[in-house]
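This report goes through a structure region by region. Please keep the sequence and the model in view while reading.

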Amino acid sequence: MELKLISCCLLSCLAAAYAGNILAVFPHDGYSHFKVVTPVLEELARRGHQLTVISFVNNTAANYEQLLLATEAEQATTINREYLNGMQTGRSLKNMFVEYFDLFKGAQTNCERLFASGYVQQVLQRHQRQPYELLLTEYFSSDCQLALGKLLGLPIIGLSTCALMPYHYDRIDLPDTPSHIQSQYVGYAQRLSWFERLENFIQAKSLKLLYAHHTNRADNALIKRYLHLDMDVAAVAREQTAFIWVNQHYSHLGSRPRTPQLLEIGGVHITEQAKQQLPTHIAKFLQQSPQGVIFISWGSQVLASSIDQHKLQSMLQVLSAQPLNVIWKWEADKLPLMNNEKFLFVKWAPQLALLAQAEVKIFWTHAGLLGMTEALHCGKPMLMTPIYGDQFLNAHAAQTRGVGLILSYEDIKAAQLKTKLAALSKPE
Ligand SMILES: *[C@@H]1O[C@H](CO)[C@@H](O)[C@H](O)[C@H]1NC(C)=O
């Protein structure tokens with residue numbers, strides 16, 4: 001009995017020794033980013049680490065103290081934000097600047113929110129009582145939150161929810177080789193032509209300069225204004241980054257240079273639990289689709305209902321005439337078709353749970369990284385229509401790997417769509 005007690009004590013001491021106090025700061029408000037971050041945080045909490053999490057997502061897990069940056073109503077506005085009509089969907093130097101400034105503006109707003117929330121002071125006080133041992137944060141479009149890393153003297157793990165931005169390489173001495181490693185902001189088939197290499201080089205290098213002289217400076221100025229500290233976030237990132245965890249996997253993006261400080265965690269968000277979450281009306285529709293279905297989802301941000309009318313008509317025409325049924329993520333109340341048994345429109349699609357079903361034969365995606373990773377995991381062929389951000393890079397990588405075909409947004413016309421669907425339906 002005593003022996004049992006002693007070994008119990010020893011075991012719990014060991015567990016306590018291995019569990020740490022983690023400060024997790026995720027000030028970016030994009031919904032899909034949480035989908036990668038949340039399973040990581042929940043797993044850390046499950047393993048006994050004590051987490052303090054500053055973010056936009058409500059979570060009620062154990063060992064998880066949350067400091068929310070958004071009210072319940074604001075949390076609902078993190079989805080369905082991008083309109084298709086009028087969107088510039090190509091990759092060009094101009095679009096890169098447009099996207100950079102969009103991200104910059106959003107990030108600065110979120111940084112102000114973080115500093116105005118009072119959470120920094122709260123965390124500093126908590127650190128006096130129970131010191132944090134690690135800062136886990138997102139490396140994406142700003143570094144204002146690294147002020148906490150500096151103030152508390154913590155090692156930093158930066159989690160990148162997409163392929164690394166060009167300005168992250170130097171933090172961990174990762175070889176930066178735009179001659180053949182594509183930047184987030186391009187997206188070409190491999191191997192790159194001479195001109196594509198040049199364009200990739202110019203994009204990657206100019207973005208890096210812009211980030212250093214514009215974003216970093218703005219972050220430093222915000223820190224000075226709110227926390228009255230003179231600090232260079234770039235230096236903190238350089239000196240205190242212990243690891244970068246990147247949501248990519250070589251099976252998709254191919255071989256990329258790595259150092260011991262870079263860990264590929266692509267697929268980390270895929271859980272058995274998420275695979276099971278199939279609502280009954282969707283399961284029923286699958287049962288009534290013996291020949292299978294095409295699943296169309298362009299992600300949490302894009303409003304499917306904002307598609308150009310003539311493209312929508314081409315899609316409806318071709319989809320109606322082919323043998324597979326269709327499940328379509330369509331957030332609007334007004335549906336493009338009524339009373340048609342071939343189509344099921346859903347406001348929110350349980351993406352992984354659907355992709356895991358044998359009835360799903362083709363996934364028509366916007367080439368967002370999470371859906372693609374899930375489709376790769378489930379072995380589903382993809383039709384890919386990249387819209388913005390890293391989606392071009394993701395789509396070309398998958399096409400190069402032979403697991404999907406690109407149909408660009410501009411090319412959504414009946415003939416092209418029919419050809420691509422036929423090619424994807426061909427048996428091996
Ligand atoms: C967080 O989630 C809990 C449980 O679902 C809910 O009761 C609470 O109102 C939510 N809080 C916010 C701020 O969203």
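## Terms and basis

Two strands pair if DSSP finds at least two bridges between them. Strands (E, at least two residues) and helices (H or I, at least four residues) are DSSP runs, numbered from the N terminus.

This is a predicted model, in which local features need pLDDT of at least 70 and side-chain atom pairs count only at pLDDT 80 or more, while totals for chains, interfaces and linings use all residues. Residues are numbered from 1 along each chain as its sequence is written, and side-chain values use heavy atoms, with hydrogens and water left out.

Buried means under 20% relative accessible area, exposed means over 50%, and partly exposed lies in between (1.4 Å probe, protein chains only). Both faces of β4 are covered, with L134, L136 and E138 buried on one side and L135 and T137 buried on the other.

Strand β1 (residues 21–25) pairs with β4 in the parallel sense, over 4 bridges. Within this pairing, I22 has L134 of β4 as its bridge partner. β4 is also joined by 4 bridges to strand β5 (residues 156–160), and these two run parallel. Here E138 stands opposite L159 of β5. Between β4 and β5 the chain passes through helix α6 (residues 146–152), and this β-α-β crossover is right-handed. Right-handed is used here for a path from the first strand over the helix to the second that runs clockwise when the strands point away from the viewer.

In strand β9 (residues 325–329), 5 of the 5 residues are buried, so β9 is largely enclosed by the rest of the structure. N325, I327 and K329 are buried on one side of β9, and V326 and W328 are buried on the other, which leaves both faces covered.

Strand β8 (residues 293–297) is joined to β9 by 4 bridges, and the two run parallel. I294 has V326 as its bridge partner in β9. The chain goes from β8 to β9 by way of helix α12 (residues 309–321), in a right-handed β-α-β crossover. Another 4 bridges join β9 to strand β10 (residues 343–346), again running parallel.

## Two buried strand residues

T52 lies in strand β2 (residues 50–55). T52 counts as buried because its relative accessible area is 0%. Not counting residues up to four places away in sequence, T52 touches I22, L23, A24, E65, L67, V123, R126 and Y132, where contact means heavy atoms within 4.5 Å. The side chains of T52 and E65 are joined by a polar contact of 2.9 Å. A polar contact is a pair of N or O atoms within 3.5 Å; within protein, one must be able to donate a hydrogen and the other to accept it, and residues adjacent in sequence count only if both atoms are side-chain atoms.

M382 is placed in strand β12 (residues 382–384). M382 is buried too, with a relative accessible area of 0%. Leaving aside neighbours within four places in sequence, the contacts of M382 include F363, T365, M372, L405 and L424. The C-alpha atoms of M382 and Q399 are separated by 8.9 Å, and the two residues are 17 residues apart along the chain.

## The ligand

Which residues are around the ligand? They are N58, L68, E72 and Q75, each with a heavy atom within 4 Å of the ligand. The protein covers 45% of the 360 Å² of accessible area that the ligand has on its own, by the Shrake-Rupley method with a 1.4 Å probe.

An oxygen atom of the ligand is 2.2 Å from an N or O atom in the side chain of N58. For the side chain of E72, the distance from an N or O atom to an oxygen atom of the ligand is 3.3 Å.

## Backbone exceptions

Most residues other than glycine have a negative phi, and most peptide bonds are trans. The peptide bond from Q190 to R191 is cis, with omega near -10°. R191 lies in the loop between β5 and α7 (194–227).

D173 lies in the loop between β5 and α7, and its phi is positive, near 55°. D173 counts as exposed, at 52% relative accessibility. A367, in the loop between β11 (360–365) and α14 (369–378), has a positive phi of about 65° although it is not a glycine. A367 is buried, with a relative accessible area of 0%.
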